[in-house]
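Have a look at the sequence and the fold first, then read on.

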Amino acid sequence: MSIYYSSTRNANDKVTASQAILKGLADDGGLFVPSEIPTLDVSLKDLADMTYQQTAYEVMKLFLTDFTEEELKNCIDSAYDSKFDTEEIAPLVEAEGAYYLELFHGATIAFKDMALSILPHLLITAARKNHVKNDIVILTATSGDTGKAALAGFADVEGTKIVVFYPKNGVSPIQEKQMVTQKGDNTYVVGIKGNFDQAQTGVKQMFNDAEFAKLMDANGYQFSSANSINIGRLVPQIVYYVYAYAKLLKEGVIADGEKINVVVPTGNFGNILAAFYAKNMGLPIAKLICASNENKVLFDFFTTGTYDKNREFMLTSSPSMDILISSNLERLIYRIAGNDAEKNAELMKALSTTGVYEITPEMKAQLSDFEGGYATEKDTADMIKKLYDQTGYIIDTHTAVAASVYNAYREKSGDETKTVIASTASPFKFTRSVMKAIDERYDEMGDFELVDELSKIGNVAVPQAIEDIRSAAVLHDHICEVEEMPNVVKEFLGIK
Ligand SMILES: *Cc1c(COP(=O)(O)O)cnc(C)c1O
């Protein structure tokens, strides 16, 4: 069965999977959604015996129906290889009765690697299939982790260039160092004097600028996106939920068909949307618990049915979740509106003009599988310390937001369903906040001293990604105003 993709804002704009990956965003500014969510066609029992790569194929073949088996398997094998420091790719670790799905064993030690190690392969394959002649320019806004993962994926990939915009004062020191030391002639990293939402809006505006697209084309370029607005990022993210379920089944933790809960530390709503898609494919998931930090716009949305971005933007110790406009929520809104592009477009228009929209009671009734929660800065730090003190396991700040929200939910609801917590980053990526949470006195140490200390007290080796930047030279130092973003892109591409 073939799956097509259409815009969340216009049902008539239909493209194939490979075209949707190439474009990133629909022409009307909407996001591409599949014509239907396919059902898993292998049994959970069979999945229990599969490797990560085999699971990836079983899931992705159902969504990317215009890729041949050979093309897709090539992409999968090129992505999930020794770039990951464990053969399992995404191991599960049990601590205090929850199962942490460690999604940070890739090249840049955050979960973005799970999708961004395959996206370049999908994109190049899609370009070939569609006889694209232009070079593809990947425009990326990052709250810290997407940037590096996309740079690592696209560096020196022929036929591509990549520009990453990050909030100059809104990422962790390690995140920044990882990005500004990026090698590769086709890479360009720019700090903006603004926050992530401004970076993301700026990027979306460039995508929607028809004049800019013409100018690009005349110079042999076209844009695509490495953000989770690209369906080519979302689909690979579904895989690890299926994989985690199958592993729990294999290990006898759950029975075949037994439902699990999933907790996801959320920013742009990409990761949790992938879990929602997995559930809709037939994976036995009960609750989808959406965990926010102090930027709790999603918690408020799930409790009230009103999305309101008009509030103070908080800089927290979980910067990759410092987001007030969660782009991928649009895909959920579209779905609960009954796949109604017109209704969705209306709400998104309200969001861009007034910053607020309210869903109908009928739409809200369809959100009963979701549970919103949030953790304050103190909750987050307390969680890291408590888990370390009791088990010796050290989690990063984003994962701690999820763990804290989960504990509060479990206590309040008495729900003892087996639960998977998406562990989205290595603690080494947010060393200072993590170590400070364990003991305030660590704050006196330098960044790399802290790395070594974390390795010691956590009894885990320093990841290669951190070793790589210890003494690496800074290769990017460009900073710009938000308004200058289009000019920066033109300058990098040598377009007048
Ligand atoms: C990107 C990111 C998140 C948020 O994921 P979304 O898909 O944007 O909701 C959470 N934690 C970490 C470490 C991240 O890098």
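## Strands side by side

I138 stands opposite I162 in β7. That pair belongs to a region where strand β6 (residues 135-141) and strand β7 (residues 160-167) run in the parallel sense, joined over six bridges. Strands here are DSSP runs of E with at least two residues, helices are runs of H or I with at least four, and both are numbered from the N terminus. Two strands pair if DSSP finds at least two bridges between them.

A word on what you're looking at: this is a predicted model, where local features need pLDDT of at least 70 and side-chain atom pairs count only at pLDDT 80 or more, while totals for chains, interfaces and linings use all residues. Residues are numbered from 1 along each chain as its sequence is written, and side-chain values use heavy atoms, with hydrogens and water left out.

Back to the strands: five of them make an open sheet, in the order β9-β6-β7-β8-β16, with parallel pairing. At the edges you'll find β9 (221-225) and β16 (478-480), each with a single partner strand, so one side of each has no neighbour in the sheet. On average, neighbouring strands are turned by 30 degrees against each other, direction ignored. Helix α6 (residues 119-129) packs on this sheet and touches β6, β7 and β9; contact means heavy atoms within 4.5 Å. The direction of α6 makes about 145 degrees with that of β6. Such angles run from 0 to 180 degrees between N-to-C directions, and axes are lines fitted to C-alpha atoms, for helices over the stretch in contact.

## Helices on helices

Two packed helices are described by the angle between their axes and the distance between the axes.

| Helix pair | Angle | Axis distance |
|---|---|---|
| α14 (residues 329-336) and α15 (residues 341-354) | roughly 135 degrees | within 8 Å |
| α17 (residues 377-391) and α19 (residues 431-438) | about 65 degrees | 8 Å |

How do α17 and α19 lie to each other, and what touches what? They are roughly perpendicular, a label for 65 to 115 degrees (under 35 is roughly parallel, over 145 roughly antiparallel, the rest oblique). The contact involves A381, I384, K385 and Y388 of α17, plus V434, A437 and I438 of α19.

For the other pair, the axes of α14 and α15 cross at roughly 135 degrees, and that makes α14 oblique to α15. E330, I333 and Y334 of α14 meet A341, N344, L347 and M348 of α15.
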